[in-house]
Amino acid sequence: MRSSRILAVDVGAGHVACGVFASGATGRLVLQRFACETHAADPAHESRWTTEVAQALGALASRHKLGGACALAVPGHLALTKFAKAPSVAPEKRDKIVAFEAAESIPHPLEEVVWSYAIVADDGFDLEVMIAAVKFDAMQTLCASADAAGFPAERAIPAVLALRHAFRYNQPDAPAAALVLDVGARSTNLLFLEGERFFGRTLALGGNALTHAVAEELRIEFDAAETLKLQVLAGRSDLPAASPSRAAVQRAAASFAAKLTLEVNRSLINHRRQSGAPAPEKIFLAGGGAQMPELAATLAEKFRLPVERFDPLRHVDLAGDARAAGADAEAPRLANLVGLATRLVAKHEPDASLLPPALTTAIALRKRQPWLVAAAALVVLALLPPILFFHHRAEAQRERIAALDAQLMPLRAAQTRNEDNLRQIEEAKKQIAALRAAYATKSNWLNFFAELQERLVKVQDVWLDKLQVVRGPDAPDGAAAEANAAAAPERPPLRLVLSGRLLDVANPQSRVSRESLQRVKQLLASFAGSPFVSAVENERFDTNQNGLLHFDFTLVVNPNQPL
């Protein structure tokens, strides 16, 4: 029997969204309640992503009083999707033939992943399937975190499949061939639809790449760069038009749009070459990246197609609670939530469950419970007293566990702050070490020039016309070199190119004497004994001018006495 209510949970790289959907009297979806919690999206804390998700789910449960069995959208950076063709066979034989294709397509042993498949098309000759897989440990951890927060998962599908459901529901009048891009924080889901057939791929390029580029250029923290990016791209920034910060965001956005467009084009070319699919007639943008003007403009210019923002709430009615919670403002990021709920109104949808086998078995058992209750009624009556006793004991333990969880929440937050503080301390140590090194060598140039002057005075009648500093091709200058000294890889040594002349006082009107040439050679050889010089290279002499000896040479600076 089809459920009349679905609690949908979308777990993203930087947010967790939750929506309660029902089927309205008109047959349209109704979003009754909505809530969204953001969490740290810094790639440097990728290992803490599951913990951040658990804390965000806990916040949804406590602040908004949400919870219960849910449908879960597995994010693109966790789920692997592959599309394959196999001979069309009877339904009872499909599992075996698809298992063979999965073993060939999934780059992990099947016993290490949770995998499933959805039928894309079956024309009686070829069977087209979408194979989805998640590493078992990652899925088990995600489901356990959701369960601990009060959101036990009873259904889990890859986000690209949820995007397909949302698009088909909201865009029944879409062109026969359409391309949908859901740009998230860590990855982008690419969905190509051709009638009822579809093709999907996850691109490892998301909004975090843009934020990281801004943070690197402006040398600011990731969170500050994320705030700046959102303000500039949304048109809410007070920065002047010529501000370097605004320009950095715009450059990063243009670069991100170009890279993403290149990846999309490459994926489309490969798909069309393998499947013979037609070119898309229109492009739809979803996710947080849909609000980036540069992306829409770049896609439109590259593919010469109309680009439109996909509205996941186009055919969804909003209840008062959901509207007050800001569902309208968050609409670009709600495609996965809507896609999880469309089974309330769609009779036939391809599905691919990614729940671990133990959870699947538990859910199947839970669905059979109404039939088992009647058969076990007499046994329950006989065992009622001990059951009540242990029930009270279990309730007490659950209350205790809930209290301990509440106490652990601030400790987890403190742990996060401590880790951030330790990281900042390590960075400060590196900067101090670099500054100490710079301080220790600040007088080397003065000492070097003093020694150079002393050697020239000893030779007499000789002077320098040019001194040029030649650094390695990748070497940074100034403060950047000092700040990165401790962490930078080994670079080519510094070189000094010098040119000079010696006046042959004894022979002013004739060619330079051998004695003068020998004096210059001795001068250059004396530089090899300098503590600032490791080698003398490229010695050249010109004796063509009467009375003057021109010479050029290169000093290789000793890396142990840097200048």
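Buried means under 20% relative accessible area. Keep that cut-off in mind. The model here is a predicted one.

Start with His271. Is His271 buried or exposed? His271 has 12% relative accessibility, so it counts as buried. This residue sits in helix α7. What does His271 touch, once neighbours within four places in sequence are left aside? Its contacts are Phe192, Phe199, Gly276 and Ala277.

Helix α5 covers residues 207-218, twelve residues in total. From first C-alpha to last, α5 reaches 17 Å. That is close to the 16 Å expected at 1.5 Å a residue.

Which residues of α5 are buried? They are Gly207, Asn208, Leu210, Thr211, Val214 and Ala215. Look down the axis of α5: the buried residues fall within an arc of 155 degrees, so they line one face of the helix. Here is the background. An α-helix has 3.6 residues a turn, so residues three or four places apart point the same way.

And what do the buried residues of α5 pack against? Two helices: α6, residues 222-233, and α7, residues 244-275. Just after α5 comes Arg219, with a positive phi of about 55 degrees.

Now to another helix pair. Helix α14 spans residues 444-459, and helix α16 spans residues 514-526. Their axes come within 10 Å and cross at roughly 160 degrees. That makes α14 roughly antiparallel to α16. The crossing is right-handed. Which residues meet there? From α14, Arg455, Leu456 and Val459. From α16, Arg519, Leu523 and Ser526.

Methods:
Residues numbered from 1 in each chain as written. Predicted model: local features only at pLDDT ≥ 70, side-chain atom pairs only at ≥ 80, totals over all residues. Heavy atoms only, no water. Helix = DSSP H or I, 4+ residues; strand = E, 2+ residues; numbered from the N terminus. Expected span 1.5 Å × (residues − 1). Buried < 20%, exposed > 50% of the residue type's maximum accessible area, 1.4 Å probe, protein only. Arc of directions from axis to C-beta. Contact = heavy atoms within 4.5 Å. Axes fitted to C-alpha atoms, helices over the stretch in contact; angles between N-to-C directions. Parallel < 35°, antiparallel > 145°, perpendicular 65-115°, else oblique. Left-handed = near helix turned anticlockwise from the far one by under 90°.
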